[in-house]
Amino acid sequence: MNLALLVPLLPLLGFLITGLGYKKLKHNQAGIIASMLVALSFIVSVTLFFILKSSGKDSATVTLFNWINIGSLNIPFAFLIDHLSLTMMMIVTGIGTLIHIYSIGYMHGDERVNSFFAQMNLFTFSMLLLVMGSNYLVLFIGWEGVGLCSYLLIGFWYKNPAYNYAARKAFIMNRIGDLGFILGILLLFFTFKSVTFSEVFQQAGALQTGSTTITLITLLLLVGALGKSAQIPLYTWLPDAMAGPTPVSALIHAATMVTAGIYMIARSSILYNLAPVTLEVIVVIGLATAIFAAIIGLKQNDIKKVLAYSTVSQLGYMFLALGLGAYSTAVFHVTTHAFFKALLFLGAGSVIHAMGGEQDIRKMGGLKSKLPVTYLTFLAATLAISGIPPFSGFFSKDMILSKAFEQNPMLYALALGGALITCFYMFRLLYLVFFGENRTANVHPHESPKVMTVPLMILAVLSTLGGFLNIPALLGGKLGFSSYLDSAVTSKSGEEMNHTTEMGLIALSLVLLAIVIYWAYNTFVKKAEVPAGDEVQLPAFQKAVANKFYVDELYRAVFEKPLASLSVFLFKKVESLILDPAVNNIGRGTAVLGALTRKLQRGNISFYLFAMVAGILLFIVFILII
Amino acid sequence: MILLILLLIPFISGLAVAFFKGTQAARTFAVASAILNLVITIFVLVNPVSEGYSAEWIGFMNIQFNLATDGISLVMILLTNLLFPFVILAGWGRSQRNVPMLNSLILLTQAALNGVFMAQNAFLFYVFWELALIPVYFILLVWGGDDRKSITLRFFIYTLAGSLFLLFGIIYLYQLTPGSHTTDFSAFNQLQIPEQTQTWLFWILFVAFAIKMPVFPFHTWQPPTYKMASTQGAMILAGVMTKMGIYGALRFLFPIVPLGVQFWQPVVIILGLIGVIYASVIAFKHTNLKTMIAYSSMAHISLMAAAMFVANEYAVKGLLFQVMSHGITIAALFYLACLVKEKTGSTEFHQLGGLKNKAPIFAILFLIAVLGSIALPLTAGFVGEFLMIAGLFQQSFWYALFGGLTMILGAIYMLYAYQRVMLGGQKPVFEKVTDLNRLDYIILIPLLVLIIGLGVFPQPVFDMIKIAGSALTMAH
């Protein structure tokens, strides 16, 4: 099992080689080295999967050394290899490899390509620490590590101030979540006297369900997850994160980073099962985020922005699943989402590449014939995210929807509504980009090179067939994926739904999806409508949607501006006008005192004698009184 | 005996170097002396000496010249002797006035600091405490920047005023000791001072340390002084001299006036937390890189002050770890700030920007120091900060929440500063900016390696301070 050390070490090695040798490496060398090391890491992960399977055990711990040990607090630097971490490891390294390879083509010719690959490797390394850590603090190293890497990569093109702003925003929003997370870890530690998963979960059973402590712990940890997984109210960094090169978006949105919050909650399933209040909060936040972000997605005209809001929305579905206690379903959706979202972003990259950097879908169109591979793969991903059978997204989304139905038909209705919106904006995107006529003259789109299209094809296969990992009983399957995770996450078992109801629900959603797709087709292909330009005045509600409900503006007015004003106020008023002069006044006071006493030293002997006698008299009086 | 050697090497070589004629010879000699002292310090750490050094000194007052170490002083001595070689190196290759005298003063400061951290009686402690001030005063006055006269004077009077309270406190304690009076810490520690007395004596003793650290609102001398100070001056002040305040408070308050500590505990913790937020908020929109770093240092020290007064195991171990981490990080940051000044002629943010274009390695090393400062995991800052917040948490959730705001605010002001200095397009005036040279590597790489190294392997420091824990939790 010590082989497990190689999994994070290989990308770390890649980071060191490409980072330290960034002046020496030429052409594609950095990209090839970085991709190979992540690929090796993937191979090792798969090997571990089989080793663990054949060993007959559910988990293994690999300890490197004692990180912090001060008596009562003992934190080993150790990795936990179990079914959950293996699943995540394979996603991170597998999808990561494809994104790395694709980047060789995409970043070709960029002068800082070597730094780019160094940072991508560091990103992969951090994410692996996150999913492999055997305790909350090693998880936290990776947790903050991915925050740093996202900061670096979002601000990769550092000459642009807007990108730098987006990068800082991502890091700071994550840090807000991280403060909650670290407080949660501390409460956890002082409750259980340990931060190691196995020890914490073992003792958790002793706590009463719904007790204040466990509710508080889970809520604080949740704050961290909201930041990392971009949920309301900490989601606004993710859409801005598209400032980085497109493969970075693929990495952040699919394989790494945003899945961290879902992983962490799934990992802590035993704790969350004890906190029904927290689970309800998660349901509300997840569902609200899913629908809210989907609505915003309807009116975005930047290809990457649409995808970014779709990620926020899909993450909302994963949270919904978590809140329903269906942790393995959430991880299943993480997996299928990783396939199709990586594909969508890489496909978008291919489109942008072909369009010479253009990202506005109003200026695209008719790319179907020019970029056949990109089109077909993008289509597969669109079908998957919309939940059309037999594409992967259908299986995972349908499982979430039926869990919602089991809980409450209202939840189901809302979640289905969100899914329909998703379907609409995705087909809107697809039609506007690939159908109709090209709306920009003077560009000659061309298909991307093999190094980019082959990863697209692989991802397309995964997006298409990935759902068969977890075939439900209804279709004669055994839920292989979910039951594999059962040893690591404790899902709440709901009542088995009656198959007829389930069939009915699926049929209903399919009919509605078909209507939505036809509607989108009718609007954007038949009538060839193109969203209005930025200069056109939209009706109030549409305008609000197009402007993302002004949440960014709100945050700026409520948090950022006041903090900046406070900063200036404290320095210019409090520091410079009150505290600093106070010291000077004390100094001036002594000078005044000195000037006063100086008058006593007038060189008049009779005055000195008088003062002496008076002094002695006073002294005697003083003694007599006491 | 070996402790005396630690004291004498910088003292004697400091006196000797003043008589050197050649610039380079003086610098080489000074670095050699500092490195030798570092080697001996490491030797002491590896082979702990149980007995200290003691000699008759002022017989009629029963005051001895006795030196010894425990876990707390070892951390301080290690930090001091670790940083001074880099402080001296920071002067290399730069045009400075009267180099032999400057290096002499630096080494004398080092000697006095070693004395402060080893003295076993309060009188000796006080002598070294004041002795350290004098060479630093001249370093600031002669080698400082604009406005140095008035700022240095203020710095000097401010800290001296604090010290006078301390002197009064020491004399007061001296006459409390039984028999033929003494100023030994061991005797002070056994005093049973009535609670009423402890409540006022606490402030008499604390003011000097609060100014030195500094704790809000005793900090106003600090930002202008750091800004005006030469690189070497700032590295000494921020890296080591702030720790004198922490060390003094640990040495005097907790064992001698534990009831006073208990009484004032919430007040000082809250002052510390106010300091964290106050300094962090000011740092955000601050207009000058060096004063921004000064405020960031104050924010970190304020958290350390709060943690100190929580005084549980986590807080104290975190605090002592943070002493190392903060000292190294802030020294690196001030050196980097000095490089910014050298390369661009300014530390005003509005004149800076885009340095990464011409000096990418400079930017990367700057970023690593910034990350150490904002306590990213696997940097030394995280270990210290995490334990201190854990300590605060054990006392009160709210303490931890407000102290923990440093995580968010630190990221806000540090990354903003980094952006304003390094990122953005190439400015035409910086067309000729060059990347780091070899000397910069020699100074920065070891410091940054330590920042990361201690973050990955913090355990040796904890092993070193194991002894310290018991002496400190007395307040509980």
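This is a predicted model: local features need pLDDT of at least 70, side-chain atom pairs count only at pLDDT 80 or more; totals for chains, interfaces and linings use all residues.

1. Let's start where the two chains meet. On chain A, 39 residues are in contact with 39 residues of chain B. Which elements give two or more residues to the side of chain A that touches chain B? They are strand 1 (59–69), helix 5 (136–154), helix 6 (161–192) and helix 23 (551–598) of chain A. Helix 6 of chain A supplies the largest share of that side, with 13 residues.

2. Now look at what kinds of residues sit there. The side of chain A that touches chain B is made up of 24 nonpolar, eight polar and seven charged residues.

3. Next, jump over to helix 13 of chain B, which covers residues 313–344. This helix has 32 residues, and its first and last C-alpha atoms are 45 Å apart, close to the 46 Å expected at 1.5 Å a residue. Along the way, helix 13 of chain B bends by about 25° at Q322(B).

4. Is helix 13 of chain B largely enclosed or largely open? Of its 32 residues, 28 are buried, so helix 13 of chain B is largely enclosed by the rest of the structure.

5. Last, the domains. Chain A is split into domain 1 (307–535) and domain 2 (552–625). Between the C-alpha centres of these two domains of chain A there are 71 Å.

Definitions and conventions:
Residues are numbered from 1 along each chain as its sequence is written. Chains are lettered from A and ligands numbered from 1 in the order in which they are written. Two residues are in contact if their C-beta atoms, placed from the backbone, lie within 7 Å. Helices (H or I, at least four residues) and strands (E, at least two) are DSSP runs, numbered from the N terminus. Ala, Val, Leu, Ile, Met, Phe, Trp, Tyr, Cys and Pro count as nonpolar, Asp, Glu, Lys and Arg as charged, and the others, Gly among them, as polar. The expected span of a helix is 1.5 Å times one less than its number of residues. The bend at a residue is the angle between axes fitted to the seven residues ending there and the seven starting there. A residue is buried if 20 or more other C-beta atoms lie within 10 Å of its own, exposed if 12 or fewer, and partly exposed in between; C-beta atoms are placed from the backbone. Domain bounds come from an automatic or database domain assignment.
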